[in-house]
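Dear colleague,

I am handing over a structure for your study. Please open it before reading the notes that follow.

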Amino acid sequence: MHKTPVDIIVVGGGSGGTLSANLLVKHLASEIRAGQVGVYLVSGSPQHVFQPGYLHVAFKGQDPAELIREERSLVSPDVQLVEEPAERIDLKAETVTLASGKQLRYAYLIIATGSVANLKVIPGLAEASLNFHTSPDESRKIWDTIQQFDGGHVVVAIAGVPHKCPPSPNEAVFLVDDHFRKRGIRDKVKLTFVTPYPRPYPAEPMSRVAEPRFKERGIEVVTFFNAESVDPAKREMYSLEGDTVSYDLLLAVPPHRGADVILKSGIGDRDGWIPTDKNTMKISGYENAYAVGDATDIPISKTGVTAHLEAITATSNIVSAIR
């Protein structure tokens, strides 16, 4: 790593990290040209996956390959791309250790490591359900399955919170409904939406719009269902409240946690969420380290647009501090 007087490291090549790196080099262009600042993006993969497209793979049959781009093609040439996973982040020592053991030192840091599905937290969930929050290939399994499904009880469930993209479960159940209507077998399919929330959509204003659509389409809604376990053999899902929902096909949105590197580094809470100041995006207790997107513990939607807006705040603060 070529050292400049001020090195900024962004960890995570998803939406928040990619945008953060691009914003930094855009606003610090003169400093980069003068050799005063270096911007590095540490990405665990050379490829960038467009996660909102998982729904289209799962329910419209889109080719998973269409969601993938080379990360290098998405970042400015002035971004120094490090195609290696971060193994450990030491906020006190101001270092990022890569999987190879190489250590990078920073003056400023942005963590954008996102969130990962945590199916193991609910016994039986991984074996019993399909999901569209893990990968394009896992999403494709849903498409292959619903193509062959000719009737029975389909349950679309929010199996735990928090999870990526709060609108996606509602979108999924409507896309399932649409799929079976187009096939002309909707009358053979019982469709149920299961949620831990008191209404179909977490935010009440949005739920007022969505709820009538559930009724119009004949989709049953089960609220206040906090999934505890699933029995794949019996095809039953059980709640903490003692309720049971049976199914023939279970499409479950799993609970999520923070990235492995955050847990290994001891930065976040027990689930790997990083304590972050919602006004500045600074990691609590540190003036030169920021977190954006799904990685934070801020009680707000874990969505791409949230990561986008938070990246603007974090990078603006870094630029201001440097200048």
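A residue counts as buried when its relative accessible area is under 20%, as exposed when it is over 50%, and as partly exposed in between. Phenylalanine 214 is therefore buried, since its relative accessibility is 1%. Please bear in mind that this is a predicted model.

Aromatic pairs

A pair of aromatic rings is described by the distance of the centres and the angle of the planes. The count for this model comes to 4 aromatic pairs. In one of them, the ring centres of phenylalanine 149 and phenylalanine 180 are 5.8 Å apart, and because their planes meet at 50 degrees the pair is tilted. This pair links distant parts of the chain, 31 residues apart: phenylalanine 149 belongs to the loop between α5 (136-148) and β11 (152-158), while phenylalanine 180 belongs to helix α6 (residues 168-182). Both phenylalanine 149 and phenylalanine 180 are buried.

A further pair is formed by phenylalanine 193 and phenylalanine 214, with ring centres 5.5 Å apart and planes at 40 degrees, so this pair is tilted as well. Phenylalanine 193 is in strand β12 (residues 189-194) and phenylalanine 214 is in helix α7 (residues 204-216), so the pair ties together parts that are 21 residues apart in sequence. With a relative accessible area of 0%, phenylalanine 193 is buried. Phe193 and Phe214 form one aromatic cluster together with Phe174.

Arginine 186

Where does arginine 186 lie? Its place is in the loop between α6 and β12. Arginine 186 counts as buried because its relative accessibility is 12%. A polar atom of the side chain of arginine 186 lies 2.6 Å from the backbone oxygen of valine 189. The side chain of arginine 186 also reaches the backbone oxygen of arginine 217, at 3.1 Å.

A patch on the surface

Which residues form a nonpolar patch on the surface? They are Val305, Leu309 and Ile312, and together they have about 270 Å² of accessible area. Isoleucine 312 is located in helix α9 (residues 304-322). Its relative accessibility is 36%, so isoleucine 312 counts as partly exposed.

Yours sincerely,
A colleague

Technical notes:
Residues numbered from 1 in each chain as written. Predicted model: local features only at pLDDT ≥ 70, side-chain atom pairs only at ≥ 80, totals over all residues. Heavy atoms only, no water. Patch = residues over 30% accessible without salt bridge, like charges linked within 9 Å, V, L, I, M, F, W, Y side chains within 5 Å. Areas by Shrake-Rupley, 256 points an atom, 1.4 Å probe, with all protein chains shown as cover. Salt bridge = Lys/Arg side-chain N within 4 Å of Asp/Glu carboxyl O. Helix = DSSP H or I, 4+ residues; strand = E, 2+ residues; numbered from the N terminus. Buried < 20%, exposed > 50% of the residue type's maximum accessible area, 1.4 Å probe, protein only. Phe/Tyr/Trp six-rings, centres within 6.5 Å; stacked < 30°, edge-to-face > 60°. Polar contact = N/O pair within 3.5 Å; in protein donor to acceptor, adjacent residues only side chain to side chain.
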